[in-house]
Amino acid sequence: MTTFKDLGLSPAIQQALDELGFVEPSPIQEEAIPELLAGHDVIGQAQTGTGKTAAFGLPMLQYLDPDNDEVQAIVLTPTRELCIQVTQALRSYAEHLDIEIVAVFGGAPIRSQQSQLRSGAHVVVATVGRMMDLMSRRSLVLTAARFVVLDEADEMLDLGFIEDVEKILRMCPSGRQTALFSATMPPPIKKLAEGYMYDPVTVRITPKTLTVDAIQQAFVEVPAREKTPRLVELLKTEEPEQAIIFCRTKIGASRLEKALKDKNLDVKALHGDMSQGSRDGVMIAFKDHRVRLLVATDIAARGLDVEHVTHVINFDVPNSSETYVHRIGRTGRVGRTGRAITFVTPAERDEIGRIERDVNTKIGEWETPEERLEHAPPPRRRERRERRPREREREAEATADSEAAPSDDGEAKPERNGAKDRDGDGKAPKTTKLFVNRGERSGIDEEDLRWALREGAVLPDDAVHDVRVLHRFSFVEVDPDQAERTVEYLDGTKLKGKEIRLEVAKS
Ligand code: ADP
Ligand code: MG
């Protein structure tokens, strides 16, 4: 077992870690700490919760000279919450060091932050905007800031702070050591690293691979100003049980929330401008199914793990393939088929190809259910499910009046004779009859069912012997050896936007 001591950390730091109960360094810490202690620039890529704060914080604290009153290190963070969180973590690691750590962030009086800076700070942990502000007021000079950390760089990018980050970096000494930590590495972050870091070592802790296999993906090309009406249309057609709609910015998210509310849609927003309390409230309401649509920014939705999200809609195209996988990974859980739909403006059209390549997936153009009938790939194979009690009841009813003959208007009870002997000679049945719980009333016709059998259950045409659509339900007759798989592939999938249930008609 590697210990913090093996990594070369000082006894005072080790003592603090002991007291915090940190026994063993996490993988990112094990890799990054020796590199940073050796003075290298480091790019650290790892998911949330992997211990990135200590990975940069411990070598940073060890680098500092307590006798020097200048600001020797800065940590840039994307949000107020993270700024406070990182400050608290660093203070706990510095418990036995004579180091002052000051947090500066927006939404709090600048005067008290200015006075804290005046009384001396070895480390300043800051949000980007407030740091710019303090620099322009000359309350903060970075001429001695030789240890610079960009924490959660991808979030800073998402929030549109990259240009300001570059400005700040240019104010720091050129001989500085720079560490950049991020969960994902979109191209603008890579570019930033190339431009502002010196021969960086990359430390990458790969997450367990996320699979997008269970998710049907599509894109919609739409000019920016038509996005909202198109979304409203799409929600009507798709009828999501619950959907998360991702926006790039907080402003975008609250604007969209308002627009959808104006259309009387059941929607709530989740973004960084909201208080922690109201964010928690929205999360809980969504998890409890009291809200159907959630408009969220990537950051606010981080860690949001909800079952039964049937749809993820990327209202703004994600800025990296990793973000794409994270976003759409919120649907298609536990054996359900989820749908992920990504909006792109004509200028962003190439992004789809990039994501397809990176994620090794196929993203077709979104189609209405009618169009899907013509072209869509077969629905994914689903996990077999327990039958619901309600279906058992219906089965019982059906058995009870099994003598009843089916009538042509379809309002009569289903015919019971699942295995029909076409030749009538008493030999093994030539076809198996399947009951489908939808009919004309649901807008389904014979062609739709034949399509579903062909494309969804992948049956050859000659395995389908009869398709009869009645008013409230339908029957299809298939080769007996294809019956089980037909049920497995189609039961619970959607046809013309309606869930269909299939079972072998009782004999
Ligand atoms: P990240 O920035 O990667 O999201 P944090 O630095 O916030 O992760 O750490 C996540 C949690 O793990 C924190 O509660 C932190 O105290 C804890 N932690 C970090 N490193 C260790 C360690 N080596 N041993 C035990 N707990 C740790
Ligand atoms: Mg962190």
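**Entry 1: terms and ground rules**

I take an axis as a line fitted to C-alpha atoms, for helices over the stretch in contact, and I give angles from 0 to 180 degrees between N-to-C directions. Helices (H or I, at least four residues) and strands (E, at least two) are DSSP runs, which I number from the N terminus. The model is predicted, and I used local features only at pLDDT of at least 70 and side-chain atom pairs only at pLDDT 80 or more, while totals for chains, interfaces and linings use all residues. Residues count from 1 along each chain as its sequence is written, chains are lettered from A and ligands numbered from 1 in the order in which they are written, and side-chain values use heavy atoms, with hydrogens and water left out.

**Entry 2: confidence**

I looked up pLDDT, the predictor's confidence in each residue, from 0 to 100. The protein averages 83, and 83% of the residues score at least 70. Strand 5 has the highest confidence, at 98, and helix 17 (residues 389-400) the lowest, at a mean of 38. Over residues 376-426 the pLDDT is below 50, yet beyond near neighbours in sequence I find 91 contacts (heavy atoms within 4.5 Å) for this stretch in the model. Where pLDDT is low, the predicted coordinates should not be read in detail.

I count two strands as paired if DSSP finds at least two bridges between them. An open sheet has seven strands in the order 3-4-2-5-6-1-7, paired in parallel. Strand 3 (101-104) and strand 7 (201-204) are at the edges with a single partner strand each, so one side of each has no neighbour in the sheet. From one strand to the next, the twist averages 15 degrees.

I then looked at one pair inside this sheet. Strand 2 (residues 73-77) and strand 5 (residues 147-150) run parallel and are joined by four bridges. Val 75 has Val 149 in strand 5 as its bridge partner.

Next I noted helices packed on the sheet. Helix 5 (residues 110-118) touches strand 3 and strand 4 (123-127), and its direction makes about 155 degrees with that of strand 3. Helix 9 (residues 187-196) touches strand 1 (42-45), strand 5 and strand 6 (177-182), with about 175 degrees between its direction and that of strand 6.

**Entry 3: helix 8 and its partners**

Which helix crosses helix 8 at roughly 45 degrees? I find helix 6 (residues 128-136), whose axis comes within 10 Å of that of helix 8 (residues 162-171). Val 128, Met 131, Met 132 and Met 135 of helix 6 meet Asp 164, Val 165, Lys 167, Ile 168 and Met 171 of helix 8. I sorted these residues into seven nonpolar (Ala, Val, Leu, Ile, Met, Phe, Trp, Tyr, Cys and Pro), two charged (Asp, Glu, Lys and Arg) and no polar (the others, Gly among them).

The axes of helix 8 and helix 9 come within 12 Å and cross at roughly 10 degrees. Helix 8 is therefore roughly parallel to helix 9. In this contact, Ile 162, Val 165, Glu 166, Leu 169 and Arg 170 of helix 8 face Ile 189, Leu 192 and Tyr 196 of helix 9. The residues divide into six nonpolar, no polar and two charged.

Seven bridges pair strand 8 (residues 215-221) with strand 13 (residues 338-344) in the parallel sense. Gln 217 is bridged to Ala 340 in strand 13.

**Entry 4: helices 14 and 15**

Helix 14 (residues 321-328) packs with helix 15 (residues 349-359) at about 80 degrees, the axes 9 Å apart. That makes helix 14 roughly perpendicular to helix 15. Ser 321, Tyr 324 and Val 325 in helix 14 meet Arg 354, Ile 355, Asp 358 and Val 359 in helix 15. I log four nonpolar, one polar and two charged residues for this contact.

Note on methods:
Angles under 35 degrees count as roughly parallel, over 145 as roughly antiparallel, 65 to 115 as roughly perpendicular and the rest as oblique.
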